[in-house]
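Here's a quick briefing to read alongside the structure. Have a look first, then we'll go through it topic by topic.

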Amino acid sequence: MKAIESKTVLIIHIMKKIKSKILTTLILMVFIISSCDGLLNVDPQQSIDSEIALNTSDNVESVLIGAYDALSDDDLFGGEILYEPDLLADDNVNNEVQWTGTFEEPEQIWRKDIQIENAQVSQTWDAAYNAINLTNTVISALDVVNEDIRGRVEGEARFIRGIIYFNLLKLYGMPYSAGNIGTNLGVPIVTTPTNEINEESEVPRGTVEAGYQQVLNDLETAESLLPETNGIYASSSVAAAILSRVHLQMGNYNLAREAANRVINSGNYSLTSEYADAFNRTSNSSEDIFSIQVSEQDGANSMNLFYASADFGGRGDIIVRPPHIALYEAGDDRLALFYDGSTRTGKWSNQFGNIGVVRLAEMYLTRAEANFRAGPPYVGDDPINDLNTIRGRVNLPFYASPTEFDLDDILLERKLELMFEGHLLHDLKRTQRSVGNISYNSGQILYPIPQREIDVNPNLVQNDYYQQ
Amino acid sequence: MSYKLQFSSILLVLLFFASTGYTQAQTVSGLVTSAENGEPLAGITVILEGTTTGVATDIEGEYNIDLNSDQFQNGVLMFSGVGFIQQSVIINGRSEINVQLETDINLLDEVVVIGFGSQIKEKVTGNISSISASEIEGVPINSLEQAIQGKAAGVFIQTNNGKLGQGIQVRVRGSASVSASNQPLYVIDGTSVTTANLSNTSAATNPLADINPNDIESIDILKDASAAAIYGSRGSNGVVLITTKSGRAGVTQFDANYAVSTSEPAGNKEWLNGDQYLELFDEAFANSSTDGTINGTLFGFTRDGLYDTFIPGWDQGYNTDWQELAYQDNLSHKFDLSASGGDDKTRFRVSGQYNGQEGILIDNTFDRISGRLNLDHTANDKVMIGTNLNVINTINNRLSSDNAFSTPIQLVALPPVQRPYNDDGEPSNQTVYDNGLLFRDGATFETTVFRALGNAFINYEPVENLILRGEFGADVLDQNEERWFGSSVSQFTGAARGAADNRYVRVVNINSQAYANYIKDFAQVHSIDITAGLSTQQVETDVVSVSGIDFPNDFFRQVGSAATIDGGDATVTTYTFTSYFARANYSFDDTYLFPVSGTVDGSSRFGENNRYGFFPSASVGWIISNENFLEDVEQISFLKLRASYGFTGNAEINNFQSRGLYGAGAYGGSSGLSPTQSPNPNLKWETTKQFNVGVDLALFSDRVTAEVDYYNKNTEDLLLNVNVPATTGFTTQTRNVGALENNGFEFVLTTRNFVGEFNWSTTFNFGANQNKITNLDGQVIQGNFVSQAVEGEPIGVFFGREYAGVDPDNGDALYYVHSADGKDYNAGTTNSFNGANRVVIGDPNPDFQGGIGNTFNYKGFDLNIFFQYVYGNDIYNGGGTFQSANADFFDNQTVDQMNRWQNPGDITDVPQARLLGGNGTGESSRYLSDGSYLRLKTVTLGYSLPQSAVDLLSLRSARLYFTGLNILTFTNYDGWDPEVNTDFTASNITLGTDFYAAPQPKTFEIGINIGF
């Protein structure tokens, strides 16, 4: 600042030396210039400073909405985290689905030939930790949240954090079913918000066990804190539904069936009478437990973008092939949903439709499978009844007796009911079934840790399969 | 176009009022005109040799001088004036002597424009490249930077692609930044103008294309620190000072120019024809199929089944040349009219231009309508006021970015065995990728700019030698981008019943400055020239956009007719600069020069802990040819040594980047907040410390002039978008870390080989620059494709796997495995893409570049031949993974793919063709080439009608000319064009990358200039 003063003094000095008439002129000239320090104080108008963002209860709630927004990113539940595993789950031999588009990243995933620089693998990672940082921010600022809503706010934040860590673990870490959970690597676990970026930000990967512990801790806490219903946002049932999925993945069949049972017994959900009504919704159906909300003005539906034909605003890059169609029994209502000569699934044919994350049908199938595996006494209902609930809705004949089906039938029912909703890969891995001739625990059907992340964090270890 | 009509009628009216005329004189009288353009020259001194008897020409270029009879018979008249070569004429009893004065092309006598003033080039101690109007006029270019290309030593200019109105990269003495802008500051008549990209697509627009090049009097590029430091934190990338033509006192002179031109692509690529395509793809299918033959299956498909699915029509015998379909027949017109004149109180120049350009690519046009008034008025002996005002309208019919199927050049990806049009003449939608021809008919993308650029100034001279100047400048730019996509292109847009969007940007850029200039000579040997003042700049950018889908039919194209509004946005952002500057030039005996300058610069962009920066500079010059000991060396007409050192800054980052910010978002109808940026209150400018040393030399009465410079530019505290672990929730943070340097050598040589009736002069310039990132704090910063910023390497090196050719045994693509330090490939080769490590495989920065021009004049003919060259850079073809991928997918392939490996023992660098086999199709040095080129940039042949013919037509001058642009290109690059940087990824780091980028145009223009 001293330098500026001396310049001003210089100008004034010159001014003094010349006549007052000149002085007037000069002042006029200087007057046209609003040359003051104040000119430099400009504030942004689309953003606010971080201190303001976390100083009231309302603002922290807004950050929570920001976390939902991040969860709905097209790199996460906006689609990528659902259709990419579906591509990875295709065996490329029997070839039930095929990537026909021009984007190289999904093609690599479909071909099981993922390059470590694959941009979508990197974007999913980035988007996931962005959402996690938001939830961490909310959780760290709970003391400014009004007491009456504090539990709900924490529960929602923990739900979002839990479901994201769960999906990261399934994609970037070795499957839980592969054992060695205490040594196999999962993903970095970050539970504090980023206020400063320094060496401590270079977090190493935690073990698979530590990762699942974090997920269970978050989801169980969320279930205990959340209200039974909560509009389009996370409720205790939403947390329980995802919890049942986590336990199933871990092979905790008792806990899985109990969690699924809690959701079914909540009485807040019912299957839609027609299978087709469960999809392409602009508002949640009676069956939806949690869906990503999409509208014309907000959100992105990448499922539609890649599965739907141009008539429905999609690119139609993923096509369904006859070997998949052949899996359905004649008369299955689910068959009727395919279109364009049974090359496309009708589950995704609304550009501005919601993206279902978990729906009631999955709870029946989870309870059926877990009951079947854990055996009697059955929780909630007999597996045959749960299976018939699913089959009946799509006009398939009921099983008359438990001898008519085995575990494979349950898993097939699950596959057909939940196909193209992002389940297949994870179901294959937890049941130790291979993808074509690639073993369930092969690194070839794992994502690499993004190269960009390895480049900036020396503490990260790449998955074995992708080590140079 | 009603504008065109209005404009033409105005021009006709102006033509009607044109007139000429002059009178006779007595004793010795005559007219002094310019040999260059025949214009009368006012203020030329006419002196009788050996006496003090003299007069000056009046505003009409005429003089009368009274002489006695002896003088009348034996005297000699000397005609001299600034900027002209002195001429002596023996009177020999003639009462009328008309003289044509040659322009003094000796650069050293020129006045160059510097920041907040001007200076005699002879006294310049820094490094400034100057380009005059004659080098800009009459060249069929889209934007003025193209006129500088190859003409200023050390200034590297690269157009992204051959589309009109698109971004152009300009690097003055190399890249000085990794994350902040590397483009120079542009100042037009004292106002720093808006040049930033305002596009709503990934392809940048170029606001400089709004400027009419024919209005430019001179372009002065401040390259070293002593020249640029006065611009403080905006000076690191060099400063381009553009001065527009102003009026000259004298008879009102009209100049009209009309030119018509047509263009074709400067280069093309060779693609497979239908037979070759089927041969290669059948083989690729067989190699990938279940049983290794054409009868096997692939992913459950038979060959016919697969082809029917992806390339229907493949068996119909079509043989389409898709590349040809990307281009259009085109014709461009340019019409300029100017009037200039005035008297000793008021001078003016009015000019107008209509420039309607049609590009080589289908649907690509750029129209510019520009009007300018430059006026200055001497109110009394103390006060002068003036204004420069430019009003512009441009209309650019734009194309999609290079990565879109809808961009015309991407048609080449379509197989020759598919047809472009259905039987009904409509573009086919059966092609393997979306047929870009659908886009031609089914979509529009028009960008309209209205721009008012101008300033007003007052010069006040309260006492002798002291001038106070106040200036107020504004650049108000309104841009409207209107896109419409009809139902026929729904596969591009996902909008079955049409989509449209409209985005409106207004940039209000206000400059004001006030400064004092004091010039005084003391005791005959001391002279000082002091400038001090202050300037401010305030720029506000408003953006409003709206988009809609679902239209009743394709006749409705405005968002207002959409059934669903699916997006809308409105934002505003602002930045400001405040500068306090001073400069003092002291010279002793006109021989020893000591300029110093200092600027204190503040910006709203800097963090609260670092609001102001100080940017000083100092330089010295020694004009050795003024010393006694060189007086007798006749060969040396001028010799100067100079050196400078100084600090400049760079603040071209986004606004508010120092703050920790939360932005608004929404989910499920509720508004949300999310962190968008982590705070860095210490954020400040980048600092470049530049040392420059140079020599200016003129030999043989200025027949040969040369400038040699060496510089070293060290940039510290880089404004770096540092990659941070994404586990923080952020991927980058802007910090002041890292350093880079540019070292370079520049050489400029001008020779006048023949002087007289036949004139031949040659100019040559050479600029070598070596860029090196010396410190990135361990970061690897990725660009697109394989471009990266890597410590110890030049910016934007290609960093990827090194292709090792083809395994002769099995046709597998191989990659080198390098030692851990990446230096040697001692670990052999691998056929596993992920198994090969990444190393530096190429460098997009040229080792050296420049131009060489020859100008010939003989009688009425003028010929100018200008070559531009770039040497030592590499080009990475990002499209290679599709175009030259040994039939990996159904894209048409370049013809060299026919050299694929077929049998064990085959030696080739094209791997075995495997459909969907990914054999050698990853990003690697397979797609890297040498990008050096030598180009016949312009050749102009003109003929000026002799005075007798011109008089007969009652004109002042008339010239017909032919100009060719990019006529010949010599290069080893096998893409479309070696001048390339694909638009959608062009950045500081992604340089020299091709991806279906359209070639430069090869243009032929004929035109006529008429003065009256």
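This is a predicted model: local features need pLDDT of at least 70, side-chain atom pairs count only at pLDDT 80 or more; totals for chains, interfaces and linings use all residues.

Residues are numbered from 1 along each chain as its sequence is written, chains are lettered from A and ligands numbered from 1 in the order in which they are written, and side-chain values use heavy atoms, with hydrogens and water left out.

**Helices of chain A**

- Helices here are DSSP runs of H or I with at least four residues, strands are runs of E with at least two, and both are numbered from the N terminus.
- Helix α10(A) covers residues 236-250, and its end C-alpha atoms sit 21 Å apart, which agrees with the 21 Å that its 15 residues should span at 1.5 Å a residue; the expected span is 1.5 Å times one less than the number of residues.
- Since 15 of the 15 residues of α10(A) are buried, this helix is largely enclosed by the rest of the structure. Buried means under 20% relative accessible area, exposed means over 50%, and partly exposed is in between (1.4 Å probe, protein chains only).
- Helix α8(A), residues 147-172, has 26 residues that should span 38 Å, and its end C-alpha atoms are 37 Å apart, which agrees.
- For α8(A), 21 of the 26 residues are buried, so this helix too is largely enclosed by the rest of the structure.

**Where chains A and B meet**

- The contact (heavy atoms within 4.5 Å) takes 89 residues from chain A and 89 residues from chain B.
- About 7800 Å² is buried between the two chains, with carbon and sulfur atoms giving 62%; buried area is the accessible area (1.4 Å probe) that two parts lose on being put together, summed over both.
- On the chain B side, B:Tyr662, B:Tyr667 and B:Thr727 lose the most area to chain A, together 12% of what that side buries.
- The rule finds three salt bridges across this interface, each being a side-chain nitrogen of Lys or Arg within 4 Å of a carboxyl oxygen of Asp or Glu.
- B:Arg838 and A:Asp455 meet through their side chains in a salt bridge (3.7 Å, N to O).

**A sheet built from both chains**

- Three strands make an open, antiparallel sheet in the order β1(A)-β30(B)-β31(B); strands pair if DSSP finds at least two bridges between them.
- At the edges are β1 (47-49) of chain A and β31 (670-677) of chain B, each pairing on one side only.
- Three bridges join β1(A) to β30(B), residues 661-667, and B:Tyr662 is the bridge partner of A:Ile48.
- Helix α4 of chain A (residues 57-71) lies across β30 and β31 of chain B, at about 85° to β31(B). Axes are lines fitted to C-alpha atoms, for helices over the stretch in contact, and angles run from 0 to 180 degrees between N-to-C directions.

**Strand pairs within chain B**

- Strands β20(B), residues 365-378, and β21(B), residues 383-397, pair antiparallel over 14 bridges, forming a hairpin with four residues between them.
- B:Arg372 stands opposite B:Asn390 of β21(B).
- Strand β21(B) also runs antiparallel to β22(B), residues 443-460, with 15 bridges; there, B:Ile395 has B:Thr448 as its bridge partner.
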